[in-house]
Amino acid sequence: LVMVFYGSNGKSNPVSMENKVEHQAKNQITYDIQLPSDLGILYKVRLGLQSLETSISQLSLHHFKMQNTSTLDTFSLTINKTLPLSFNGDRWIEFPVEWPLKETLSVITYHLTVFSRNILSERNLVHMTACIYGTHGDTGDRSLLWSLQSVHQEEDNESFLVIVDAVDLGEMVKVVLLISSRTDCKLDIKKLHLKEAVKEHPIYVFEVNEAFSLDANKPEIQTEIPVSFVIRGDKQKNDIDNNLYKEGSQARNLTEYTIKVYTGDKRGAGTDANVHIVLFGNEDKSEVFQLSQSLEHQDPFERGKVDTFKIKTKKLGSLRSIEIGHDGKGFASGWFLEKVEITDASRNSVYCFSCNR
């Protein structure tokens with residue numbers, strides 16, 4: 001059993017409960033531990049099982065009580081959970097420390113969706129964890145391949161959902177992945193999407209786009225992925241952004257782009273997921289735009305159809321590339337995108353970005 005304490009000034013190293021039994025009664029164990037004095041005011045505790053072996057026995061936790069022996073400040077909580085959690089195989093639970101007259105953070109269920117190419121076929125031989133960092137701390141290393149939800153597989157694309165319960169992380173900052181394997185293989189990871197389970201937005205997008213070569217005889221690979229961008233999914237937010245640009249349009253040279261999106265004519269090509277786009281020019285890049293109001297169709301991105309959208313953004317210069325994708329929502333959300341054509345009337349230019357996948 002291991003505990004990590006989080007305070008306003010940082011967090012403790014993992015505190016192992018091994019060989020620290022001071023008192024043991026029926027169904028009750030008391031530990032005497034020393035915490036760094038510079039943690040500040042404690043705001044959360046993470047408690048879990050150090051072992052990553054699948055053969056460990058379960059541990060039922062009913063009640064937790066913590067007391068500062070100097071000040072006699074006391075915190076107690078009813079847990080009533082069993083580790084590892086049978087719900088999603090997680091080996092850690094977190095809970096906030098409640099203090100009188102201080103606002104307490106809440107426990108939030110997060111949905112982490114992994115978009116990849118070949119992880120699912122290797123999952124029994126690969127160990128992969130993610131540590132999510134926010135402005136309110138981190139989750140510690142959480143297993144990604146223990147028990148997967150919402151698994152989608154296509155020819156060259158796959159995605160799966162991992163559920164993580166953690167004390168409110170605040171605004172997301174980065175994700176650190178740790179990957180190892182019992183055999184030599186290559187894992188192709190495209191991106192990660194992170195959001196609160198009960199909210200559609202915001203969605204934090206972490207672009208990876210990397211193939212990791214794993215060697216069974218080498219140590220695990222660690223990679224740090226900062227937030228690439230955030231999908232707010234809020235038309236009002238986009239309107240506010242557009243209004244801000246309009247206010248200074250004389251100085252900013254606000255530019256209107258006409259975007260034509262061609263969905264392929266293949267079986268299962270269409271999608272009901274929410275599609276977004278980002279434009280990259282030689283002078284600047286646009287914000288994230290949700291492509292939701294097609295000029296032709298009430299239900300955009302259907303098989304063999306062309307949908308046109310108009311957006312206004314700051315001066316980007318000559319377009320060099322685009323980023324286009326979706327959030328994986330809905331049944332059979334996979335989407336075959338043929339190409340995207342973008343017209344910049346101010347420069348009398350038409351750009352074609354072929355995808356064909």
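The model is predicted, so local features need pLDDT of at least 70 and side-chain atom pairs count only at pLDDT 80 or more, while totals for chains, interfaces and linings use all residues. Residues are numbered from 1 along each chain as its sequence is written, and side-chain values use heavy atoms, with hydrogens and water left out.

**Nonpolar cores**

- The largest nonpolar core has 33 residues, and Met 128, Leu 177, Ile 179 and Leu 192 touch the most other members. A nonpolar core here is a set of buried Ala, Val, Leu, Ile, Met, Phe, Trp, Tyr and Cys residues joined through side-chain atoms within 4.5 Å.
- Elements giving two or more residues to this core include helix H1 (119-122), strand E11 (126-134) and strand E16 (172-181). Helices (H or I, at least four residues) and strands (E, at least two) are DSSP runs, numbered from the N terminus.
- Another core, of 19 residues, lies apart from it and has Ile 259, Phe 309, Leu 319 and Leu 337 among its members.
- Beyond its neighbours within four places in sequence, Ile 179 is in contact with residues including Val 126, Met 128, Phe 212 and Ile 221. Contact means heavy atoms within 4.5 Å.

**A buried leucine**

- Leu 83 belongs to strand E8 (residues 74-83) and is buried, at a relative accessible area of 0%. Buried means under 20% relative accessible area, exposed over 50%, and partly exposed in between (1.4 Å probe, protein chains only).
- Leu 59 is 24 residues from Leu 83 along the chain, yet their C-alpha atoms are separated by 5.1 Å.

**Cysteines**

- The disulfide count is 0, with a disulfide taken as a pair of cysteine sulfur atoms within 2.5 Å.
- Cys 352 is partly exposed at 46%, and Cys 355 is partly exposed at 29%.

**Salt bridges**

- There are 13 salt bridges, each a side-chain nitrogen of Lys or Arg within 4 Å of a carboxyl oxygen of Asp or Glu.
- Glu 94 and Arg 46 meet in one of them (3.2 Å, N to O). Glu 94 lies in strand E9 (residues 92-96) and Arg 46 in strand E6 (residues 42-48), so the pair ties together parts 48 residues apart in sequence.
- Glu 94 is buried at 6%, and Arg 46 is buried at 4%.
- Arg 303 bridges to Asp 265, with the closest N and O atoms 2.9 Å apart. This pair links loops 38 residues apart; Arg 303 is partly exposed at 45%, whereas Asp 265 is exposed at 58%.
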